[in-house]
Amino acid sequence: MTRTVTASALRVRSGPGTDRRVRGLVFAGDRVEVLDQARNGGPYMWSHVKITRSSDGLPRGYVGWVADRYLG
């Protein structure tokens, strides 16, 4: 499933959770393919994504985790 980043800037992390290392950013309008999802014991859903279209963020094809609530 392909989705669009809705946040002005969204951190891409090494795993599902705010305690995971930030690998870079994607920006509003960038597109990602959702590969998987996880909750990581908290109230928020995380999406494991592959970047399919990026403006100035991480390169196309990069894989990481983002907070699902910022994807439209």
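Colleague: What makes the lining of the largest pocket seven nonpolar, one polar and three charged residues?

Modeller: It is a count by class: Ala, Val, Leu, Ile, Met, Phe, Trp, Tyr, Cys and Pro are taken as nonpolar, Asp, Glu, Lys and Arg as charged, and the others, Gly among them, as polar. The lining includes L10, R11, T18 and W46. This is a predicted model, where local features need pLDDT of at least 70 and side-chain atom pairs pLDDT 80 or more, while totals for chains, interfaces and linings use all residues. Residues are numbered from 1 along each chain, and side-chain values use heavy atoms, without hydrogens and water.

Colleague: Which strand gives the largest share of that lining?

Modeller: Strand 2 (residues 9–13), with four residues; a strand here is a DSSP run of E, at least two residues long.

Colleague: How do you know that strand 4 and strand 5 pair?

Modeller: Pairing requires at least two DSSP bridges between two strands. Strand 4 (residues 31–38) and strand 5 (residues 46–53) have seven, running antiparallel, so they count as paired. One of the bridges joins A38 to W46. Strand 5 also pairs with strand 6 (residues 63–67), antiparallel over five bridges, and there V49 stands opposite G64.

Colleague: Why is D68 called buried?

Modeller: Its relative accessibility is 15%, and buried means under 20% (exposed is over 50%, partly exposed in between, with a 1.4 Å probe and protein chains only). D68 therefore counts as buried. D68 lies in the segment after strand 6.

Methods. 1 Å grid on protein atoms, 1.4 Å probe; cavity = no way out; pocket = protein on both sides within 12 Å on 5 of 7 lines; lining within 4 Å.
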